[in-house]
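These are my notebook entries on a structure that I examined. I set down what I looked up, one topic at a time.

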Amino acid sequence: MGDVTTIRRDVLTLPVADVGPDNPLPPLCPPDEIHRPDERDGEGLPRDMARQIGYGRLRSLLPERLRDGYGRSRAPRAVDTLVIENDRLRATVLPGYGGRVVSLVHKPGDRELLYRNPVFQPADFALNGAWFSGGIEWNTGATGHSTLACAPVHAARVTAPDGGDMLRLWEWERLRDLPFQVDLWLPDGSDFLYAGVRVRNPHERAVPLYWWSNTAVPEDRRVLAPADEAWHFGPERRLRRVPVPVHGGTDRTYPRRSEYPADHFYELPDGRRRWMAAVDADGRGLVQTSTDVLRGRKLFVWGTGSGGRRWQQWLTEPGTEGYCEIQAGLARTQLEHVRLEGESEVAWLEAYGPLTADAGTVHGTDWAAACSDVEERLERRLPRAGFEEAYKAWRTAADTEPGELLATGSGWGALEVLRAGHSLPGTPFDESALGDAQAPWQDLLRSGSLPEPRRAGPPGETLVAPHWRDLLETAPAHPHTEYHLGVAQWHAGDRAQAVRSWERALGLAPSRWPLLRCLAVADLEAGHRERAADRYTDAFDDLCRERRDDGEAWTAATAALGREAVAALLAVGRTAPARSVWERLRPATRRRGRFRLIEAELLLAEGDRDAARAVFDAGFEVADLREGAEAVGALWSRITDEPLPERYDFRMRPSGGGRA
């Protein structure tokens, strides 16, 4: 018998770049999502895959907001953690950052099984922006990294199936309006961390569902999975079937043998145990397995090209070992959504633990023998039949009500439970979690009226689900209500009605700039670029008259609106008004890397190529550079024919493409 499993609070001190304030402008446009295949590939795909790739695509990120207020200045800070351990394993969890498992140590050899990032550095990889690399992350919502990557989740101590302690993480995912939970526990004396996952659909309608558990491991590994074929997807966005392990004359199961970033989605045969492993030169490493519901397995590699190496440095710090990701999901590929029927749920069990295989076999040329060696050792350590029984036992504990509350997430789940009276045993969304963001929507529920803001400031978050839209449509038509109604109508695809709502509010609204900005976006989407530029100019003028201080909220609003306004004005050749917007940005905002890039573009538009080049020579870092972005290199190529300096090289494919 091993020592009893314990769960405790702790802190992890490391260099941290603050996430910063959210962008207060509602994200009306669909995300620029790189996880979408070229339409030409549709005819050659299996029927179920093609159907699921076309199902459930996001119209926008609403009701979420963009999280783009972070920088790249790091300072030591203590980060709250939850630690679950027995005598064999110690797992460290960040409840304030999506419940990420940032460390998994096998205690007998004091061996870290994951890639553990030595810094916390947000980057623009999540659907809504801020994300960080390393550890095991839980991705749900839509194709890509979760909007909860840098958000708090609820956490509590729960009784495990064997009577010990279990750590429950849960939250309300807002893109799909689905509650989920992740239960982490260590059976007595176990070398494996178990993760029981459940996603519930409390609504009557079916909902698109996405889930991938992503595990970062050092890239000097061989990655194995029981498959002879995979679907390859690279930055060129072509999805094609390839053999495993060798294609293009190279064994792609070694991450450092690919030149460019790529995904390999493995075709696991029906009936074969679901597992994936990453092993070093000595045959030691990590193995992950699951019950059959979690069918997909993927290897992501950064590649050896200059762009891939630059991204690796960007996400951590120079001198840190590189990483790759082994991932497990509900569908064959990460490009798909599956259908979760109304008033139903899906659940599965995962396990993560150490592996010691025969080095000669797993690194040999016989792929079948290498996979068999790993699978046989996994079976001896964690028999499949016993693991299925563990899943059944966990299902009996999944509804167990939490005990000691260890961390608090958002109040949005509590608001939904308050509205609809959902019964969600095991994942209580208590009214005590409700906060200022939910307060006006509570008033709408109670009184049927959305209160007007008591003081000037950027508007709060908008709820866009059908039931909230219905409440807004029947509420008194005050300007603030019309603003939120327009956002909800836009999200629903009723763009003409959204524009009418925003235009109705303009005449009486004490604060016009949020409405003008929404109308400017509508103009851009409709191809009316000149009118959009007019409205952006008016919106920024109005914001500058209204802003009260240099506080975080006003600074974030000014930066966000100014960035959009300059882009819209330059797109129609209005350099003088663009310069006027630029000069009214806060000095601290103009010093940020994103705005240094905008400054170089503005200078080039004004005809001052030398000054634009000087911005590059002085150096800047665009903290919120989007995954796959090529805007920096594209602007450089407009300024000079010289090779792109290494510090600005984030190209993830052989030829440029101009993604912003």
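I looked up the pairing of strand 3 (residues 89-94) and found that it pairs with strand 4 in the antiparallel sense over six bridges. Strands here are DSSP runs of E with at least two residues, helices are runs of H or I with at least four, and both are numbered from the N terminus. Two strands count as paired if DSSP finds at least two bridges between them.

I noted that this is a predicted model, in which local features need pLDDT of at least 70, side-chain atom pairs count only at pLDDT 80 or more, and totals for chains, interfaces and linings use all residues. Residues are numbered from 1 along each chain as its sequence is written, and side-chain values use heavy atoms, with hydrogens and water left out.

I then followed the hairpin of strand 3 and strand 4, where five residues lie between the strands and G98 takes a positive phi near 75 degrees. R100 in strand 4 is the bridge partner of L94.

Next I turned to strand 5 (residues 111-112), which runs antiparallel to strand 4 and is joined to it by two bridges. The bridge partner of H106 is R111 in strand 5. Four residues separate these two strands in their hairpin, and D110 in the turn has a positive phi of about 50 degrees.

Is strand 4 (residues 100-106) largely enclosed or open? I found that seven of its seven residues are buried, so strand 4 is largely enclosed by the rest of the structure. Buried means under 20% relative accessible area, exposed over 50%, and partly exposed in between (1.4 Å probe, protein chains only).
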